[in-house]
Amino acid sequence: MSKEAGGFSPRCNKMSYKNIETLTWSGDRGGGLCLIDQTLLPLELREIDCPDVETVWEAIKTLRVRGAPAIGIAAAYGICVGLQSLPSDANHEMFKRRLDEVVDYLASSRPTAVNLFWALNRLKQTAHSLLETKSVPEIAEAVFNEAKKIHEEDRAICRNIGKYGQELFNDGDTLLTHCNAGGLATADYGTALAVFFAATEAGKKITVYADETRPLLQGARLTAWELKERGIDTVLICDSMAAMVMKQGKINGVVVGADRIAANGDTANKIGTYGVAVLAKHHNVPFYVAAPVSTFDLTLKDGSGIPIEERKPEEITNGFGKRTAPEEVKVYNPAFDVTPAELLTGIITEFGIITPVNRSNIEKMLSFT
């Protein structure tokens, strides 16, 4: 069912990050989804329309939209887009069949980010709870309202993560982050980057070192761009330089995002995060994960059960269209790794900070939800 992304939106040609959202929905449930095409950043800031579920699937699969919370929101709206193809006289059986088809299809886009499956299941449960009591249009409206609710909730979650996280750091601190967990990955101003943005809003002058994040350079293309747009002092480094800057005493703390967190605190994030955590532990640098509670997967007792997406070898051998490796060389390209809970100083959530990170403290924090 895959196809090329939809056309550029007529309202896309905006060149200021501060007045553009990662995802927007226009109109009622018959409206449409528009999102920033993050594959074009930082050279071009463009949005694309997603007129059908195939386009939403393609956007998630190819990282036009990325970051666990943003993927969840896109998937939720993807259901709404997918249901628009139902005929006006559709009965309950037709609705349920199409809903299940759309949910299963979107679930096949990427395997690691738990927010994808969390959002799909939330909307599916909303619909199923109404099948016996409401008409098809009423159920479709309820599903749409639930998608909008997920979107709005994420804005508040980002702000709360920023509020709790910024209290961990002081004026003059220099922090490091890996990959991109900013506004481009969420509905507002991020998870990990929310900590930096909130610290700046609180009047603290901070410097952020951004790992470039091989092989797709999300740190160089996206994080460095977001930080600069927000006026934060930013230093871009290659991934292999993190050890040196920690050894030199330049880093006061590390904050990263997460795509899935197991019940014991083991955390999946962009490939390279585990290495940064090991380095931070060795150099006595606090290492924090910033993530909403929806990122926890309590069905997994530890990180060994987290599925790790493997991506095309061309991302390494032909990065951004230029071959940098011999023909037919073998490639291993996992998109994520898992950082053991014992390497985490804490997990910053919208309800507060989990520290030390263990099953008991995670259960205690999640009891507030």
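**Pockets, helices and backbone**

Modeller: The largest pocket has a volume of about 470 Å³. Please keep in mind that this is a predicted model.

Colleague: Which residues lie nearest the centre of the largest pocket?

Modeller: Thr62, Leu63, Leu216, Arg311 and Glu315 do, out of a lining of 16 residues.

Colleague: And how many of the lining residues of that pocket are charged?

Modeller: The lining of the largest pocket has 8 charged residues, together with 4 nonpolar and 4 polar ones.

Colleague: What about cavities, then: how many of 30 Å³ or more does the structure hold?

Modeller: There are 3 cavities of that kind. The largest cavity has a volume of about 190 Å³, and 24 residues line it. Nearest its centre lie Arg66, Gly67, Ala68, Asn180 and Asp259.

Colleague: Which element gives the largest share of that cavity's lining?

Modeller: Helix α2 does, with 3 residues. Both α2 and the strand β9 (267-270) supply at least two residues each.

Colleague: How does the lining of the largest cavity divide by class?

Modeller: It has 12 nonpolar, 8 polar and 4 charged residues.

Colleague: Let us turn to helix packing. At what angle do α2 and α3 pack?

Modeller: Helix α2, residues 68-83, packs against α3 at an angle of about 140°, and their axes are 9 Å apart. The two helices are therefore oblique to each other.

Colleague: Is the crossing of α2 and α3 left-handed or right-handed?

Modeller: The crossing of α2 past α3 is right-handed. On the α2 side the contact uses Ala75, Gly78, Ile79, Gly82 and Leu83, which meet Phe95, Arg98, Leu99, Val102, Val103 and Leu106 of α3. By class, this contact has 8 nonpolar, 2 polar and 1 charged residues.

Colleague: How is α3 placed against α4, parallel or antiparallel?

Modeller: Helix α3 (residues 92-107) and helix α4 (residues 114-128) pack at an angle of about 175°, with 10 Å between their axes. They are therefore roughly antiparallel to each other.

Colleague: Which residues make the contact between α3 and α4?

Modeller: From α3 come Phe95, Lys96, Leu99, Asp100, Val103, Leu106 and Ala107, while α4 brings Leu116, Phe117, Leu120, Lys124, Ala127 and His128. The classes in this contact of α3 with α4 are 9 nonpolar, 1 polar and 3 charged residues.

Colleague: One more pair, please. At roughly what angle do α6 and α7 cross?

Modeller: The axes of helix α6 (residues 192-201) and α7 cross at roughly 15° and come within 11 Å. Why are they called roughly parallel? Angles under 35 degrees count as roughly parallel, and α6 and α7 are therefore placed in that group.

Colleague: What is the handedness there, and which residues touch?

Modeller: The crossing of α6 and α7 is right-handed. Leu193, Phe196 and Phe197 of α6 make the contact with Thr223, Glu226 and Leu227 of α7. By class, it has 4 nonpolar, 1 polar and 1 charged residues.

Colleague: Now the backbone. Where are the cis peptide bonds?

Modeller: One runs from Arg214 to Pro215, with omega near 0°. Pro215 sits in the loop between β5 (207-211) and α7 (218-229). Another cis bond runs from Thr355 to Pro356, with omega near -10°. Pro356 belongs to the loop between β14 (352-354) and α11 (359-366).

Colleague: Why do such bonds deserve a remark?

Modeller: They do because most peptide bonds are trans. Likewise, most residues other than glycine have a negative phi.

Colleague: Which residue other than glycine has a positive phi, near 55°?

Modeller: Asn284 has that value. Asn284 is located in the loop between α9 (273-282) and β10 (287-290).

Notes: Residues numbered from 1 in each chain as written. Predicted model: local features only at pLDDT ≥ 70, side-chain atom pairs only at ≥ 80, totals over all residues. Heavy atoms only, no water. 1 Å grid on protein atoms, 1.4 Å probe; cavity = no way out; pocket = protein on both sides within 12 Å on 5 of 7 lines; lining within 4 Å. Points joined across faces, edges and corners; volume = space filled by probe spheres on them. Nonpolar A, V, L, I, M, F, W, Y, C, P; charged D, E, K, R; others polar. Axes fitted to C-alpha atoms, helices over the stretch in contact; angles between N-to-C directions. Helix = DSSP H or I, 4+ residues; strand = E, 2+ residues; numbered from the N terminus. Parallel < 35°, antiparallel > 145°, perpendicular 65-115°, else oblique. Contact = heavy atoms within 4.5 Å. Left-handed = near helix turned anticlockwise from the far one by under 90°.
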